[in-house]
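Have the model open while you go through the points.

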Amino acid sequence: MPATPTTDPLQREREHLAASRAALRAMREDVESLDLRDVTGTWVSAVVLQNQIEARIAALADLSHTPLFFGRLDYLHAVSEAGPSSPKAGEEGLSEGGGGENFYIGRRHVHDAAGDPMVIDWRAPVSQPFYRASRTEPMDVERRRRFGYTGGELTAYEDEHLTDPAETDTASALLAAEIEKPRVGPMRDIVATIQPEQDEIVRSDVTGTICVQGAPGTGKTAVGLHRVAYLLYAHRDRLARTGTLVIGPNNAFLSYIEQVLPALGELDVAQATVQQLVGHVEVRGEDDPEAARLKGDARMAEVLRRAVQAGITLPTEPCVVIRGSRRWRVPVYELVEIIEELRGREIRYGAARDALPQRIAHAVLLKMEQGGEAPDDRVQDAVARNSAVKAVVKECWPAVDPAKLVLRLLSDPGFLAECAEGVLTPEEQAAVLWPKPGRSVKTARWTPADAVLVDEATDLVQRTPSLGHVVLDEAQDLSPMQYRAVGRRCTTGSATVLGDLAQGTTPWATASWPDALHHLGKPDAHIEELTKGFRVPEEVIAYASRLLPAIAPGLAPAGSVREAPGSLTIRHIADGGLPEAVVAACREALAREGSTGLIAADARIPQLAEALAAAGLPHLTPGTETTAEARLTLVPASLAKGLEYDYVVLDEPAAVIAGEPDERTGLRRLYVALTRAVSGLTVLHEAPLPEQLR
């Protein structure tokens, strides 16, 4: 006797979840069962196919605490482009008699044994109304359903009837609960809570570069990562050939975000810091702020261009090639014309050097033909390898080692003066020179800014390969030369640039996005601004925004959709009592659910680490994943950017400001620290607060 269908809507949704998980498991088992022994082809194709199968198996993993679907759309009419079949709605679906279709929206596509979809990938066109539909523009959606989960178990649902005039707009409790969910572990995806303005950025065309100015808590980092996932879905073949890259400010940040894309089924996206991109030399030194600023100035590109070409000389003697009993002579004026023509072309130094012997050999072949011979390409190649031709190339267009060239430029005042004439003033040249000249590439105390110069010189010699798409996060902190280094990685591709001008904390921080995009090589990029916050409570972001007139006068203050009365606490501590007060505040925060970040000036980290240890409070360092057992992280202010914690204890704001080379940078660093909290911020201070916060 067949089982009686349940009339409980929540139970039916749970049954669909169970059936979807079983279908996903079957999909994975089908791939695991594939036998490659009967596949014809070379061993290379077999290895490639095996790697593809292993990647597919990994992408089909069912993460027990990650909901397989988070929403459902009930359309008024059939969606023909979505396919001939649709998942069973479970509840009284519009597809039963109403002509519509119902779709469960999730992180990946799942189909049953017959090939009918049970879950639709959130990136598919049919899923878009889940993020964009509204009462004023329902997009043919009658009902949007959101699901609530606890520990992977479906526990609630919430409906919006977008075409019902009697129903009024109300804030989604499930949406708010998802946003406010405690932060334990690495950053998680926001695929269930993407807002319309975020979705527009996520689904922007792959051919265009987009720049997102986003206030703290607006989700700009998550938007950038979800944009990568969307582009890989919509343009997988194209980006599989050209590659994608996510660039972050430091390894702690990359560790924090590294699980987002795998949770969305994307396993092959590379991650790096700018310093790792330009790792041609070992960095062992530090520049003073003025030297670092000058080395990051875009004018250094012209200095390096001159330095690379400084070795090019014009010949003073003809090139005489002996073949058999005959001598073929290329006069000086022809050699000069060849060299001048190559120097005037916009090609890399190394490519021109490779072309020079072929050009000389071609001149020789023309003379051979005039002499009655009939040489072919093999003869031209042989002439290009002739010792006389090679001698001309070595003398007139010498090989350039980029690292050695920059070593000489920063060590030799005369060479720098020659290359920087009319570009850098004598005072600026003196600031750029190393205080102690380096003896060799291996022993020199290269700085981060020097490594970027080596990367520029390397590209002048040999073109840097371009990727299909690059995501650059915390971009406001890059120098013009660093922008050029990133831009070289996407000359034929596109980019997503993410940042907040108010959070620029380097001496060379970006003044405006048009300037930054010019240095990136993407002057026509579209600039979007996100000002609606979802992470930081309104009380906290309003307090931090008092700093904006001093640190970024042109930016509008951010707002927040989250009202959380009592989320901000400011305490003045009597002299000498700050370490104990910090420990007490950490204990208070740890009594609540979620992660806690103790943020302090870098110079105060050792003292606070001792205080925590003496109090028996174990703590983590940034980049180490929080767990249910270890939820307290001690964060130097210099590493706080991009991180988030449920509760933040901020130690001595005056020390954070004093740790920077100037007041504006110090206030920007403080702005970053003030905006890391999701649920509550406690500010503890002995010294007076800056006047903007009093």
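1. Start with the place where two helices meet. Pro357, Gln358, Ala361, His362, Val364, Leu365 and Met368 of helix 14 touch Val379, Gln380, Asp381, Val383 and Ala384 of helix 15; contact here means heavy atoms within 4.5 Å. Sorted by class, that contact holds 8 nonpolar, 3 polar and 1 charged residues. The classes go like this: Ala, Val, Leu, Ile, Met, Phe, Trp, Tyr, Cys and Pro are nonpolar, Asp, Glu, Lys and Arg are charged, and the others, Gly among them, are polar.

2. A word on where this comes from: it is a predicted model, in which local features need pLDDT of at least 70 and side-chain atom pairs count only at pLDDT 80 or more, while totals for chains, interfaces and linings use all residues. Residues are numbered from 1 along each chain as its sequence is written, and side-chain values use heavy atoms, with hydrogens and water left out.

3. Back to the pair. How do the axes of helix 14 and helix 15 cross? Helix 14 (residues 349-370) and helix 15 (residues 377-384) have axes that come within 8 Å and cross at roughly 125°. Helix 14 is therefore oblique to helix 15 (under 35 degrees would be roughly parallel, over 145 roughly antiparallel, 65 to 115 roughly perpendicular, and the rest is oblique). Axes are lines fitted to C-alpha atoms, for helices over the stretch in contact, with angles from 0 to 180 degrees between N-to-C directions. Helices are DSSP runs of H or I with at least four residues, strands are E runs with at least two, and both are numbered from the N terminus.

4. Next, have a look at glutamine 476, in the loop between strand 12 (469-472) and helix 21 (480-488). Is glutamine 476 buried or exposed? It is buried, with a relative accessible area of 0%; buried means under 20%, exposed over 50%, and partly exposed in between, using a 1.4 Å probe and protein chains only. A polar atom of the glutamine 476 side chain sits 2.9 Å from the backbone nitrogen of aspartate 500. Leaving out residues up to four places away in sequence, glutamine 476 touches several others, including Tyr483, Trp513 and Lys641.

5. Helix 21 itself is mostly covered, with 8 of its 9 residues buried. Among them are Met481, Tyr483, Val486 and Arg488.

6. Two loop residues have a positive phi without being glycine. For aspartate 140, phi is about 70°. Aspartate 140 sits between helix 3 (129-132) and strand 5 (141-150) and is partly exposed, at 27% relative accessibility. For glutamate 652, phi is near 40°. Glutamate 652 lies in the loop between strand 20 (645-651) and helix 27 (653-658) and is buried, with a relative accessible area of 8%.

7. Glycine 559 belongs to strand 16 (residues 559-560) and is partly exposed at 28% relative accessible area. Not counting residues up to four places away in sequence, glycine 559 touches Thr531, Lys532, Gly533 and Glu538. Alanine 614 is 55 residues away along the chain, and its C-alpha atom is 40 Å from that of glycine 559.

8. Finally, the whole protein. There are 28 helices and 21 strands, and 52% of the 694 residues count as buried. The C-alpha atoms fill a box of roughly 100 × 75 × 45 Å along the principal axes. Of the contacts with a separation of 6 or more, 74% come from residues 24 or more positions apart.

Terms used. A polar contact is a pair of N or O atoms within 3.5 Å; within protein, one must be able to donate a hydrogen and the other to accept it, and residues adjacent in sequence count only if both atoms are side-chain atoms.
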